[in-house]
Amino acid sequence: MSQESGHYYVPAPSTYPIIGSTAILFMGSGAALTMNKMETGYWLLAIGFTILVYMLFKWFGTVARESESGKYDTQVDKSFRWGMSWFIFTEVMFFCAFFGALFYMRNLSIPWLTEESTVLGNSFWSTFDGKWPTAGPGTHDPFTPMGAWGLPAFNTLLLLTSGVTCTLAHWALKANNRSGLKNWLLATIVLGATFLGCQAYEYVHAYQDLNLMLTSGAYGSTFFMLTGFHGFHVTVGTIMLIVIWFRCVAGHFTPEKHFGFEGVAWYWHFVDVVWLGLFVFVYLM
Amino acid sequence: MAAVHGDVHGHEHDEHHPSGMMRWITTTNHKDIGSMYLWFSFAMFMVGGTLAMGIRAELFQPGIQILEPELFNQFTTLHGLIMVFGAIMPAFVGFANWQVPMMIGAPDMAFARMNNWSFWLLPVAATLLISSFFVPGGAAAGGWTFYPPLSTQGGLGVDLMIFSVHILGASSIMGSINIITTILNMRAPGMTLMKMPMFVWTWLITAYLLVLVMPVLAGVVTMLLTDRHFGTSFFNAAGGGDPVMFQHIFWFFGHPEVYIMILPAFGIVSEIIPTFSRKPLFGYSSMVYATASIAILSCVVWAHHMFTAGMPTVGQLFFMYATMLIAVPTGVKVFNWTATMWRGSMTFETPMLFAIGFIFLFVVGGFSGVICAIVPIDIQVQDTYYVIAHFHYVLVSGALFALFAGVYYWLPKWTGRMYNETLGKAHFWLSMIFFNVTFFVQHFLGLAGMPRRIPDYNIQFADFNMVSSIGAFGFGLTQLLFFYIVINCIRSGEKASQKQWDGATTLEWTHLPTPAPYHSFEKPPIIK
């Protein structure tokens, strides 16, 4: 039962938000306890995460059903477009914080710590040359930085190709070519999953062979936080693509109306672009 | 029921909505959610205010009387966090929820269910934040700006604060995306952007600031978390990081944040001054451009919070001049408000009193802001009570007075009843007097060198501190009067008319009955 106000679809009262908030309460307190090595924390986290997954599943399911039953007119569709655009913008800003930290360390704080620098007035670390990649002057655990032209270059190829297949799926959808849509979408999912596999392999390689860890000073912090958050976003994006694939199989979307598909495609291109930034500034330079 | 009476009672389907607590928990109605935001922020205002009373009680006399230094630090930290994230910001979002759909002729917010979630995340965040007082090691005590290395130390309380900030950020982002989408997509036909009420304009620009900077705050607290628990070196010089970098990233969020808390206040005042001057707002388009200019400039001035943290002279000069530049569009606004009043048929009901009080005191805070922007002076007054006085003039007599003004202005529309005008005026005058007693003397304390966030002080500061504490107790008690006025209005106020203020021109007064119906505009009005 909705609040039928004019033509714009205003959904009926819903329990999903409070379920989501309950999940977040469990997860927030659970995470805080976990960080401080308190056993209850893991349980709280697990409970919270389960509730959150349940809530997301139900909520998005409801949205998909509402959409398929024709409740969303063009104005609602436009709202979704604005909403998704600005959500992606906030994600961009989140990555900006970490890229900003990378640039700041490389161009400002590390040069300030070197022997030639006069900013600090004296030289605490007279032997520190500040050459990137570095773990900083106070760490004495040598590591090998991650090269750009092996796996990372292959990963770049994977993601760029997945951007193409994603667009091909979109074109197929617009041409009402359903089998093309499903196949290209599946190809995109496979490429995304392969990327994640390569990324996982790279992490193992870094820890086991290169002695490159999250604790490896400035380089380790920025390398793992940037690639880690990107990998998390690719994971979310892949899950979203899988959901969309199932919706396509179930016969959802028409050549004219398919915002669910487009929103996920936008998101996929966003993780693609972030990767290009990563490849240039984290791996290459 | 609906089948029998459906035609007669257009809103019959409302009866199928859950009642009691479930109505509030599950609601997708912008007015219900707006009310919850406002009550939540008032509750947080009381909590944050109680902490402030504790701080002022300790500072009543030199020496340590009530609060041990550790607890005192927790009080100042949580006072700041709760007032900023729990009281002021949610209150403005509450106003946006109530007013934006009514002022643009929309049925509701664009994403009604998400609107509910962005509210219900707030009690969760508040629970984490306040419960941190009761965990081993106590709450975060490194100041509301939680600079490392203080914040990389500390225990569970700091982690609770970090996750609380994450949740508050998520709530703000959802709220602001909702507001942007509502304003851009749901205006009544004919309401072009340049015909929107100023309050709607200021919220549109504020929402843009929020989506720009809240993710950056989420990023920086995440770095803090990984530095604390996972061995990263973002703020650790031994690993090549820099604690000053935290300040840069934090204030990239933090400076636009202060405008997030004042731009909607400008919007409220820009609605009230024309109504009670019975003249249209002077220089409407220049108001819009000034608001946008302030928002853009606010993104390039952050380092004026860090003049003593070490930065090249060129950086100091840039941030000094950029900061002073903000005075220009702000001056345009003050000029326009004054020019709106010029030769108007003015009356001085409570909303107008608070709005005029806002202009006077906000200008004081604005001027002390320009003074703080001057590098050589700032180096002297950094972290003294001068800064405390400055930002309380813009946040209490700025943001908070505008919130009071807005509550009195729209209460008749929201509740259908009038508040008690005599008591409202008493609330204004008591607030005005006690506010200045509390904070004006803090300028002198700061110039004389009294540092902030310290529970004890030199005997030379004793007199002014006692004056300030007396003012603070008075100000705190006065707010109980405000609570009484609002409750009294809801329960037994006189019936208000549709256009309670004869000078009002916005849609909620001209097109909607009083009290505003549960669903604002079933059919959008046509704007000529």
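**Reading a predicted two-chain model**

Guide: Welcome! In chain A of this predicted model, take the contacts between residues at least 6 apart in sequence: 68% of them join residues at least 24 apart.

Visitor: What does the secondary structure of chain A come to?

Guide: Chain A has seven helices and two strands. Read from the N terminus, the order is β-β-α-α-α-α-α-α-α. Its C-alpha atoms fill a box of roughly 70 × 45 × 35 Å along the principal axes, and 39% of its 285 residues count as buried.

Visitor: How many residues of chain A are in contact with chain B?

Guide: In general, the size of an interface is often given as the accessible area lost when the parts come together. Here we can count residues: 57 of chain A are in contact with 64 of chain B. Helix 3 of chain A gives the largest share of chain A's side, 21 residues. That side divides into 33 nonpolar residues, 23 polar and one charged.

Visitor: Now for helices. Is helix 12 of chain B mostly covered or uncovered?

Guide: A general idea to start: an α-helix has 3.6 residues a turn, so residues three or four places apart point the same way. Helix 12 of chain B is mostly covered, with 17 of its 24 residues buried. From first C-alpha to last, this helix reaches 34 Å, close to the 34 Å expected at 1.5 Å a residue.

Visitor: And where is the kink in helix 15 of chain B centred?

Guide: The kink, of about 30°, is centred on N436(B). The end C-alpha atoms of helix 15 of chain B are 39 Å apart, which agrees with the 39 Å that its 27 residues should span at 1.5 Å a residue. After helix 15 of chain B comes G449(B), with a positive phi near 105°.

Definitions and conventions: Residues are numbered from 1 along each chain as its sequence is written. Chains are lettered from A and ligands numbered from 1 in the order in which they are written. This is a predicted model: local features need pLDDT of at least 70, side-chain atom pairs count only at pLDDT 80 or more; totals for chains, interfaces and linings use all residues. Two residues are in contact if their C-beta atoms, placed from the backbone, lie within 7 Å. Helices (H or I, at least four residues) and strands (E, at least two) are DSSP runs, numbered from the N terminus. Ala, Val, Leu, Ile, Met, Phe, Trp, Tyr, Cys and Pro count as nonpolar, Asp, Glu, Lys and Arg as charged, and the others, Gly among them, as polar. The expected span of a helix is 1.5 Å times one less than its number of residues. A residue is buried if 20 or more other C-beta atoms lie within 10 Å of its own, exposed if 12 or fewer, and partly exposed in between; C-beta atoms are placed from the backbone. The bend at a residue is the angle between axes fitted to the seven residues ending there and the seven starting there.
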